[in-house]
Structure formats: C-alpha cells, structure tokens
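Student: I have not seen this protein before. Could you take me through parts of the model?

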Amino acid sequence: MTFDEFLAARLPALLRYAVMLTGDPHLAEDVVQETMVRAHAEWGRVSRADLPDRYVKRMVTNTYLGWRRRAWFHRSVPVAELPEQAIPDPAESSVVRQELWARLGKLPARQRAAIVLRYYEDLDDASIAEILGCSLSTVRSLVFRAIEELRRTTDSVMSTGRKGGA
C-alpha cells in the first residue's frame, strides 16, 4: 500500500481519533498533520510494520502526548459538537455531554489516551499497551484511575447539585 492510498483510506478515522484525544478539532488536525509528515518521511518502515494502521495510531498518540507535555498546550478546550461518525451520544442532554467533555479534558494525557483507545477505538489491553508503549498492567491502571476520577467528579457534582464539574 502506498502512502497516498493509506492516507485516503485512514485519514478520517485518524482525525476522529485525534479529536477524541485532544477535545479540539483544530488541534486534532495539527496533531494528525504533524504525524502524517513524519509517517510520510518514514513510510518505508511504517509500511513494513505488521499493522501499519496501529503503527500510525501510535505515532498520533505519541504526537498528542508530546504536545500535552509542552507548557503552551496545557489548556482545556471542550468541543461544542463531536465530529460526524463519532461515538454515539448516550446522553439525552447536551449538558451531560459537555460535563463529560470537561471531565475528560481534565484527565492526565495518558489516562485520556487509554480511555479513548479502550472505549472509542474499542481496543483490547494488549493493543493499547502497544500503542502507548507500556505494559498491560499500566494500561489497566491508567483505565482504572481514569474511570475512578470520572466517577469521583460525577459523584461530587451529584452530591452538591452543581453542574459543570467539581
């Protein structure tokens, strides 16, 4: 498969994945663009990988995590609307969806990446570990801690009767 064929087939899915990671469609485009420049330059190695799609997804994840470490990036920008073909919205109100986005945006980058890979990309622990470059137990720990934090902030909001976070 050529780089152009890969790009034509996988770009929409990579953009959706990046939006879920960043919470910002414009920043997601930047992350994917930077990743695609690197993937094009390394296409010989990428195309020889057992799963080129997973290899590039790991590159997107690493680009996102690298950007999250930079001081200028540490800001929260909730997305007003999810991109087309994103995860189905189980929430009946936009208030619940906005609260979830705000809480996801407050998670540490690796926890958010693990949650997105598990529940948006529907990957198993081994696949997530490969993409994040960590062990299976680290994946389980990241997902567990993220869910606990989401539950904690939900319980806090429910007990105080406030909306929008703890």
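This is a predicted model: local features need pLDDT of at least 70, side-chain atom pairs count only at pLDDT 80 or more; totals for chains, interfaces and linings use all residues.

Student: At what angle do H1 and H2 pack, and how far apart are their axes?

Tutor: Helix H1 covers residues 3-22 and helix H2 covers residues 25-41; they pack at an angle of about 140°, and their axes are 8 Å apart. That makes H1 oblique to H2.

Student: Is the crossing of H1 and H2 right-handed or left-handed?

Tutor: The crossing of these two helices is right-handed.

Student: Which residues in H1 and H2 meet?

Tutor: On the H1 side they include Phe3, Leu7, Leu11 and Leu14, and on the H2 side they include Pro25, Leu27, Glu29 and Met36. The residues of this contact divide into 14 nonpolar, two polar and one charged.

Student: Moving on to H6, how many of its residues are buried?

Tutor: Ten of the twelve residues of H6 are buried, so the helix is mostly covered. Among the buried ones are Gln111, Arg112, Ile115 and Tyr120. Helix H6 spans residues 109-120 and reaches 15 Å from its first C-alpha to its last, close to the 16 Å expected.

Student: What follows H6?

Tutor: H6 is followed by Asp122, whose phi is positive, near 60°.

Student: And why does Arg118 count as buried?

Tutor: Arg118, which is found in helix H6, has a relative accessible area of 19%. It counts as buried because the cut-off is under 20%.

Student: What is Arg118 in contact with, leaving aside neighbours within four places in sequence?

Tutor: Arg118 is then in contact with Leu123, Asp125, Ile128, Val139 and Val143.

Notes
Residues are numbered from 1 along each chain as its sequence is written. Side-chain values use heavy atoms; hydrogens and water are left out. Axes are lines fitted to C-alpha atoms, for helices over the stretch in contact, and angles run from 0 to 180 degrees between N-to-C directions. Helices (H or I, at least four residues) and strands (E, at least two) are DSSP runs, numbered from the N terminus. Angles under 35 degrees count as roughly parallel, over 145 as roughly antiparallel, 65 to 115 as roughly perpendicular and the rest as oblique. A crossing is left-handed if the near helix is turned anticlockwise from the far one by less than a right angle, and right-handed if clockwise. Contact means heavy atoms within 4.5 Å. Ala, Val, Leu, Ile, Met, Phe, Trp, Tyr, Cys and Pro count as nonpolar, Asp, Glu, Lys and Arg as charged, and the others, Gly among them, as polar. The expected span of a helix is 1.5 Å times one less than its number of residues. Buried means under 20% relative accessible area, exposed over 50%, partly exposed in between (1.4 Å probe, protein chains only).
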